[in-house]
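User: Please take a close look at one part of this model and describe its surroundings in a connected account.

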Amino acid sequence: MPAFTCGENSDLNQYWFSDNTIGTFVKEIQAQSKLGVAFLSSPSLYFSLTDEALKAKSKVFEYDRQWESDAGFVFYDYKEPEQISIALFGQFDLIVIDPPFITEEVWAKYAQTTRLLLAPGGQVLCTTIVENEGIMKDMMGATPVKFQPSIPNLVYQYNTYTSFHPTKFLDEVNPEIAIEAADPKRRIERDLLDSGKQFMSMAQNRPGREQEPIIPVARVEKSSWDRVPEGLTEYPEGGAPPVPAEPVDYGPEYNAVLARRTAIAEASKLIDSCCKPLDKIWKAKALVEKAADAEKKAEAEANLAGIKKLHGDMLAQLAEYKERFPEREEGTPGDIVCRAHEFFTGAEDISEQDFKKVGPDVQMKYKSPLFQIQKTLLAELKNLKKAAQVKKP
């Protein structure tokens, strides 16, 4: 299978799967679909299909117009989830979804689109963070499978969710994900050591969680339209496909605050990510101690060294934010990042039991204060935006 070689665009939150992950997904997709696949915001998988007959019946729904010359390209803006040609309603027996954002509000938009495109009896395959398991079950009727995708340039781990029982391709642990347990529930408990239980509790008790999982609605019967029937328009509300809005410049002060808030959010994600290798380090140390012979011990030590390097790389990234936030007054981003970096630098040398006692402090001491600062900056951004709009003629 040829590698997907398009560059990532961080402005569009584009982070591609690894070649091995793409290959595994393609095998599963081609085993599941007969009618055709709708790839929502997942171009790397569409362009990696090896079944040309299936590809001819499939579409890639994408915001990035670099691929618009492809016959299967459909411009798609998730903010207008129902601006889809009626000729495509109910035409796909598999919907593959990998949104650029992970919030419940964004997933609700993709669910709207899925209801339009899915054929009766159709299924969904989604990728998102482990914290979204409840959202996937409620909105998509999908549950996690054993296979986790590898996304080399994304700092946090995704799960794969399907509304169908997978074949062997997704029913096996991804060897790229080091020392991952096969049980999704145990993975979730480990990955969310510092914040998952609180997040899931809040998510499960939010109002408006009573919606039913997606029930495919055939808005049109399966057809082979090559034109719009008389009396109908190409789009539900008529007119032409939506076009991307031009970016609005709200001034240098707004841009500076936005950049600072973005940097704080990135630092917060890194703090969250620094927890994950610790569990792997402890398990790898145990394998070294239990090694039965020199060969297995050498292999276990090499594995431990690799995981420690991963943890060291994350710490190096976190250290960069110490330079980006030079202030050291108590409660400032610089102070919080410095304290977090110092904590994680020594964390791999303490026992797993001791870490579990202090681990919840990560949320209280580091992530929560950064989140509060982000909220303050968001309010400031809203005020600056309003002020800039007022000044416009």
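Which residue is the bridge partner of F39 in β4? Please set the answer in the context of the strand and the sheet.

Analyst: The bridge partner of F39 in β4 is V96. The model is a predicted one, in which local features need pLDDT of at least 70 and side-chain atom pairs count only at pLDDT 80 or more, while totals for chains, interfaces and linings use all residues. Residues are numbered from 1 along each chain as its sequence is written, and side-chain values use heavy atoms, with hydrogens and water left out.

Strands here are DSSP runs of E with at least two residues, numbered from the N terminus, and two strands pair if DSSP finds at least two bridges between them. Strand β1 covers residues 37-40 and runs parallel to β4 (residues 92-97), to which four bridges join it. Besides the pairing of F39 with V96, A38 has I95 as its bridge partner in β4. Three bridges join β1 to β2 (residues 59-62), and these two strands also run parallel. In β2, the residue opposite F39 is V60.

Strands of a sheet pair through backbone hydrogen bonds, either parallel or antiparallel.

Buried means under 20% relative accessible area, with exposed over 50% and partly exposed in between, for a 1.4 Å probe and protein chains only.

Rings of Phe, Tyr and Trp (its six-membered ring) pair if their centres lie within 6.5 Å; planes under 30 degrees apart count as stacked, over 60 as edge-to-face and the rest as tilted. By this rule the model has 17 aromatic pairs. One of them joins F39 and Y46 edge-to-face, with 5.8 Å centre to centre and 65 degrees between the planes. Y46 is buried, as is F39.

The ring of Y46 has a charged neighbour as well: K55 lies over its face, 5.2 Å from the ring centre. A charge sits over a ring if NZ of Lys or CZ of Arg is within 6 Å of the ring centre and within 35 degrees of the ring normal. R65 is likewise placed over the face of F75, at 4.0 Å from the ring centre.
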